[in-house]
Amino acid sequence: MGLTPADPAAEDERLMGAALEEARRCLSHDDVPIGALVARGGEILAAAGNERELAGDPTAHAEILALRAAASAAGSWRLDGCSLYVTLEPCAMCAGAIVLARLERVVFGADDPKAGFAGSLGNLLDDPRLNHRVPSTSGVLAAECGDLLRSFFRDRR
């Protein structure tokens, strides 16, 4: 585990701000602006934004790309002691990958009532039938995260 920050809420906001920067980069390649990063002890191991359109890959969600890069940086698929910060509630695919990566915690911004699987449609992160559970914190910079997504979709109508 990493060092405990003096103000955990401020640390969550700082790291979510960095995830928002990743999300904004997605706009340059017309992907839905979702950003994610993996941190350990306040240090960012990896960060990514959605690349589904860019890569033509339905699995190129920000969370999956950040987890892959973090595993590479850590030298292990087990991301013990790591936290994932993501601007939108993870979907079922990403929630499954989060559990399999053995993350310590997930922090997300906006809820996703249509596809979220960290509380909205279900909670794969805390399913007692699985061999690992991942606590989550929602609502960190939720307004900023939600506004970016709403703006993206409004501009496409």
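A residue counts as buried at under 20% relative accessible area, as exposed at over 50%, and as partly exposed in between (1.4 Å probe, protein chains only). The model shown is predicted: local features need pLDDT of at least 70 and side-chain atom pairs count only at pLDDT 80 or more, while totals for chains, interfaces and linings use all residues. Residues are numbered from 1 along each chain as its sequence is written, and side-chain values use heavy atoms, with hydrogens and water left out.

**View 1. The open sheet.**
Five strands form an open sheet in the order β2-β1-β3-β4-β5, and their pairing is mixed. Strands (E, at least two residues) and helices (H or I, at least four residues) are DSSP runs numbered from the N terminus, and two strands pair if DSSP finds at least two bridges between them. Strands of a sheet pair through backbone hydrogen bonds, either parallel or antiparallel. At the edges are β2 (43–49) and β5 (136–137), each of which pairs on one side only. Strands β3 (residues 82–88) and β4 (residues 105–110) run parallel and are joined by five bridges. Within this pair, Val-86 has Phe-108 of β4 as its bridge partner.

**View 2. Leu-88 in strand β3.**
Leu-88 is found in β3, and its relative accessibility of 13% places Leu-88 among the buried residues. Apart from neighbours within four places in sequence, Leu-88 is in contact (heavy atoms within 4.5 Å) with Ile-34, Glu-63, Phe-108, Gly-109, Ala-110, Asp-111, Asp-112 and Leu-149. One of these residues, Phe-108, is also the bridge partner of Val-86. Leu-88 and Arg-150 are 62 residues apart in sequence, and their C-alpha atoms are 12 Å apart in space.

**View 3. Helix α5 across the sheet.**
Helix α5 (residues 142–156) lies across β3 and β4 and runs at about 60° to β4. For such angles, axes are lines fitted to C-alpha atoms, for helices over the stretch in contact, and the angles run from 0 to 180 degrees between N-to-C directions. The helix holds Asp-147 and Arg-150, three residues apart, about one turn of the helix. These two form a salt bridge with their closest N and O atoms 2.7 Å apart; a salt bridge is a side-chain nitrogen of Lys or Arg within 4 Å of a carboxyl oxygen of Asp or Glu. Asp-147 is partly exposed because its relative accessibility is 43%, and Arg-150 is partly exposed at 48%.

**View 4. Two further salt bridges.**
The structure holds eight salt bridges, among them one between Glu-21 and Arg-24, whose closest N and O atoms are 2.6 Å apart. Glu-21 and Arg-24 are three residues apart in helix α1, so about one helical turn separates them. Glu-21 is partly exposed at 40% relative accessibility, and Arg-24 is partly exposed with a relative accessible area of 37%. Another salt bridge joins Asp-126 to Arg-133, with 3.9 Å between the closest N and O atoms. Asp-126 is partly exposed at 42% relative accessibility, and Arg-133 is partly exposed with a relative accessible area of 42%.

**View 5. The largest nonpolar core.**
A nonpolar core is a set of buried Ala, Val, Leu, Ile, Met, Phe, Trp, Tyr and Cys residues joined through side-chain atoms within 4.5 Å. In soluble globular proteins, nonpolar side chains tend to be buried together. The largest core here has 43 residues, of which Met-16, Val-38, Leu-84, Ile-98, Leu-103 and Leu-125 touch the most other members. At least two residues of this core come from each of α1 (8–25), β1 (35–40), β2, α3 (62–74), β3, α4 (92–100), β4 and α5.

Cys-94, Ala-95, Gly-96, Ile-98 and Val-99 are the buried residues of α4, and their cover includes α3, β3 and β4. Ile-98 touches Leu-67, Leu-84, Pro-90, Leu-103, Val-106, Leu-125 and Val-134, with residues up to four places away in sequence not counted. Just after α4, Arg-102 has a positive phi of about 65°.

For Cys-26, which is in no disulfide, the nearest cysteine sulfur is that of Cys-145, 12 Å away. Cys-26 is buried at 1% relative accessibility. Cys-91 is in no disulfide, and its nearest cysteine sulfur belongs to Cys-94, 3.7 Å away. Cys-91 is buried at 17% relative accessibility.

Definitions and conventions:
A disulfide is a pair of cysteine sulfur atoms within 2.5 Å.
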